[in-house]
Every structure is written in structure tokens, then in C-alpha cells.
Amino acid sequence: MSGAPEVRPAGGEGPRAAPGQPAKVAHVVLSLNVGGLERVVLRLLERTARDRFAPIVCALEEPGALAEELARLGVPLVVLPRRPGLDPGLPVRLSAWLRREGIRLVHTHNPGPHLYGALAAGLARAASLPGRGGGGPRVIHTKHGRNYPKQKRKVLVNRLAAALTDRVVAVSDDARAVALEVERVDPARVVTILNGVDTDVFRPGDAGAARARLGVPASGYHVGCVARLSPEKDHATLLAAFARLREVRPDAHLTLIGDGPLRPALEEQAARLGLGGAVAFTGTRGDVAELLPAFDVFALASLTEGISLTLIEAAAAGLPIVATRVGGNPEIIEEGSTGLLVSPGAPEPLAAALEAVAAREDRAAMGMRGRARVIERFGLDQMVRAYEELYAEVLGG
């Protein structure tokens, strides 16, 4: 894989699979609820070569709303519930399960699963007797976001987990910088693999049909956002910006796809701003790829991001983007060419950027330049092949 370090992981190879048998890979997650991280995991499971690797998912909280997809993919699921707070017994229980299942590689997602998974794999390696498994499972962790680099306790936990990990995968240059500069991970263990989307699924489509599917007006300037209704996505700033946009573009319409704890407050804010029927709250939708062509521009007001999967999907659908300059967003959007970047938490510049995109004669071309960039850098098959090469490297072949 391009950019992957050549050094071998400390501690030797993982346990050898029987000749001709694929290596068992355990993906350790909190759950498979709706979110970008979870969708990345599912697409990786979908495309992983089963003649080389046999995936299984281990959830530490609950199966989650997306877990039903595992049956379609033929991927087993086990739930090993963690107790509230720090659960010192979980690494022991998880280690026992790894040994029973003959897991060769533990692939963790999110800080909690990283800590427990790395500790469990370490215990499994320590428990391996000579000649019975070749040293126990190896560990890869995907760093899907920035993971609170200003919170010292969480940084220390991430450092501990990383010390027990063969490779830390950063999904963006920003996440890589946090791993190296804040968490002080050995550079030889850090690899960058960009998130990928299926550009045959997320592609330009019929705007009229998509608007009819959404039940929104056929005409006007349509702004769309797909994101969980939670504080870090800062929909409150997006609503405030949209209210300003409506003063100069009374034909503007905003659609918010997603659900979350802030929905009642956001609906109240929209009513208070007098937006009435100009804002649609759709809740969670499973047909996002079919809905994206309804929009003239995609907006994201996040306060923090790793590398936003929804931005990549929107760009793949041929939409120009207005987003905040946080995390990996600047790695997706070429300023002025495929979209506009603004400071977080500020309605005025966000409104101005949305108005500017509306006025651009090359708005459609902006979107197509964004799609070309996704095809070049964020293809799903590119992501899967990179992970498969990393798995083979860490397992010693």
C-alpha cells in the first residue's frame, strides 16, 4: 500500500490460520447505529475479500439500527456488553472470546473499543502457549475523528491503546496530525487510508424526481444537509444562516435529513425564526443516495469532524458544498472550485456562502468537479484494497 511503513509490528506475527482458511478479523465497535463510522465499517465488510479474511463484528453496547445489514452480508455479530463507566473486566471477557473464536486480527473503531480491544488482544497474546497460535491476535485501529485532542485524560487513554496497537489508521491528514503530534503515536505505526464511497450509488440524478420523493417544492433554491441532530453538527447555526439567506432568497428551502436528541429544540428554533414550511425535518432516511439530487447545494455547519462521509457522498452526487473549515473538511472541498469553506459557529459567513453559491453560473460545474475529486481520491474500492493490504502486512503476509 502506498505510504505504508515497511517495519514489521513488534511482537511477531499473529496466529496462523489453517492452510487455505481465511484469517478471522474481529471488528470491535460500540454499536452499528446510524453514523458515518458505522457506514464505513459496513461498506468495508461488504467488499472485503472473503477468501482472504473472514470478518465478524463485536459490539460493546448494542447491535444498533444498522445491524440488520450484517445478515445480508453474511457477517456474524456478537454483543459483549460493557458495564457503565470503566469496565475492567471487559478486556478479560473479550480476550477469552478472541481466543475461543481464533481471531487473528482485531480491528477497532472509536476510542472505547480501541482501549478494550487492544488490552484484550494483549491478554490473548500473553495467554498463548508456545506452538498454540503463534502469538495471539494483532491490532489495527481506525481513527475516524479527532477524538478530543484537548482533553488530557482521553489523550492519555488513546496513547495507552496506541502503544498496544500494530497500526493506527488515520482517515484524514488532520486525524494523522492529531495521532502524531497530540497522541504521540510512533510514526512507523501510523497509516492514512481515506474513507471511500460507492460512486456508482452516489451519483447525479433527477432533481425533480428526488424532490417529489422528499415532498418538497419542485422549484426554488434547495439547501440540503444530512447529519445527526446532535450538538457537534451545529444545526442551530445552519438554521440561523438559512433565516438570513431567506431574506435575499425567499425561494430558498432547507431539508434536514437525520435525527437526534436536538430535534425538538431545532424544530422550535425554526418556528421561532418564522421559517414555517421552508424547512423540512425528514428524520433518518435509508434512501439518501436517491434524495441528494434534490439539492442545489449541500451545507454542513459542524463544529468538529474527522473526515465527513456525508460530504464525500454529497460531492459524489455532484453537489457543490458549503461547509465549515474544521477537521478533514478542507481535504474534501477545494476552496472556490468545488465548494466554499467558512468558520464554524458563525451564521453570517455561512449565509453569505450559501448566497454566493446560488449566484454562481458554474454551480453545476462546481458539483461535477467535486465528483471528479471523489472518484480520484475517495473511491470505495481504493479504501477496501488499502485495508486488505494493511491486514496482510500486519499478519505477515
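**Strand pairing and a buried lysine in the predicted model**

The structure is a predicted model, in which local features require pLDDT of at least 70 and side-chain atom pairs count only at pLDDT 80 or more, whereas totals for chains, interfaces and linings use all residues. Residues are numbered from 1 along each chain as its sequence is written, and side-chain values use heavy atoms, with hydrogens and water left out. Helices (H or I, at least four residues) and strands (E, at least two) are DSSP runs numbered from the N terminus, and two strands are taken to pair if DSSP finds at least two bridges between them.

Strand 11 also pairs in the parallel sense with strand 12 (residues 321–324), over three bridges, and within strand 12 the bridge partner of Phe-298 is Ile-321. Both faces of strand 11 are covered, with Val-297 and Ala-299 on one side and Phe-298 and Leu-300 on the other all buried, where buried denotes under 20% relative accessible area, exposed over 50%, and partly exposed in between (1.4 Å probe, protein chains only).

Seven strands form an open sheet with parallel pairing in the order 3-2-1-4-5-6-7. Strand 3 (77–79) and strand 7 (190–192) stand at its edges, each with a single partner strand, so one side of each is left without a neighbour in the sheet. Neighbouring strands of this sheet are turned by 25° against each other on average, direction ignored. Helix 6 (residues 173–182) packs on the sheet, touching strand 5, strand 6 (167–170) and strand 7, and its direction makes about 175° with that of strand 7; here axes are lines fitted to C-alpha atoms, for helices over the stretch in contact, and angles between N-to-C directions run from 0 to 180 degrees.

Strand 4 (residues 105–109) is joined to strand 5 by five bridges, the two running parallel, and the partner of His-107 in strand 5 is Ile-140. Lys-143 lies in strand 5 (residues 138–143) and is buried, with a relative accessible area of 2%. The side chain of Lys-143 makes a polar contact with the side chain of Glu-183 at 2.8 Å, a polar contact being a pair of N or O atoms within 3.5 Å of which, within protein, one must be able to donate a hydrogen and the other to accept it, while residues adjacent in sequence count only if both atoms are side-chain atoms. Residues up to four places away in sequence being left out, Lys-143 touches (heavy atoms within 4.5 Å) several residues, including Asn-158, Val-168, Ala-175 and Glu-183.
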